[in-house]
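Open the model in your viewer and keep the selection panel handy. We will start with the whole chain and then zoom in.

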Amino acid sequence: MNSFHSLPPDVRSALCVLSFFGASVSISLIETLEAGIQTPLMVPLDTAIAESIVDKREESFYFIHDKLREAAYDAISSEQRCLQHFQYGLVLGNVALRERDDMLLITAVNQINHGGPQAVVDSEQGVAVASLNLDA
């Protein structure tokens with residue numbers, strides 16, 4: 001297995017995204033997020049599987065070891081993590097509302113709330129976030 005920092009940038013980036021959702025994440029959520037943020041995730045995660053960093057089981061990606069997830073998560077600054085949690089939550093929240101997917105909405109709001117109030121850029125966005133929280 002390669003060290004995290006020796007992996008190609010797209011693989012490191014996909015692993016960082018995966019790490020925002022914990023030790024395991026449904027493949028469908030990653031596919032939804034990939035479409036929403038318009039960043040390749042699935043192909044780089046297949047490379048991570050080949051490198052024995054993540055695996056697929058029962059329709060989910062999961063990190064082989066907690067230390068690998070921690071390395072991916074810690075590779076991003078605290079400030080950037082807040083912004084990315086928030087961004088991922090907004091993307092997933094829009095999909096959840098459009099598709100009326102309550103489980104996805106809960107995941108979205110969890111991500112938004114991880115971002116915290118400092119990620120809100122204006123009052124209009126604050127109202128939208130409050131509305132998503134109420135819907136969840």
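Two residues are in contact when they have heavy atoms within 4.5 Å of each other. Among contacts in the protein between residues at least 6 apart in sequence, 62% link residues at least 24 apart. This is a predicted model, in which local features need pLDDT of at least 70 and side-chain atom pairs count only at pLDDT 80 or more, while totals for chains, interfaces and linings use all residues. Residues are numbered from 1 along each chain as its sequence is written, and side-chain values use heavy atoms, with hydrogens and water left out.

Now switch to cartoon view.

Next, select Leu15, Leu18, Phe21, Ile30, Leu33, Ile53 and Phe63. Of the 42 residues in the largest nonpolar core, these touch the most other members. Such a core is a set of buried Ala, Val, Leu, Ile, Met, Phe, Trp, Tyr and Cys residues joined through side-chain atoms within 4.5 Å; buried means under 20% relative accessible area with a 1.4 Å probe, protein chains only.

Stay on Phe63. Leaving aside neighbours within four places in sequence, Phe63 contacts, among others, Leu15, Leu18, Ile53 and Leu68.

Finally, move to Arg81 in helix α5 (residues 78–99). Which residues does Arg81 touch, not counting those up to four places away in sequence? Show Phe20, Tyr73, Asp74 and Ile76. A polar atom of the Arg81 side chain lies 3.2 Å from the backbone oxygen of Tyr73.

Methods. Helices (H or I, at least four residues) and strands (E, at least two) are DSSP runs, numbered from the N terminus. A polar contact is a pair of N or O atoms within 3.5 Å; within protein, one must be able to donate a hydrogen and the other to accept it, and residues adjacent in sequence count only if both atoms are side-chain atoms. Buried means under 20% relative accessible area, exposed over 50%, partly exposed in between (1.4 Å probe, protein chains only).
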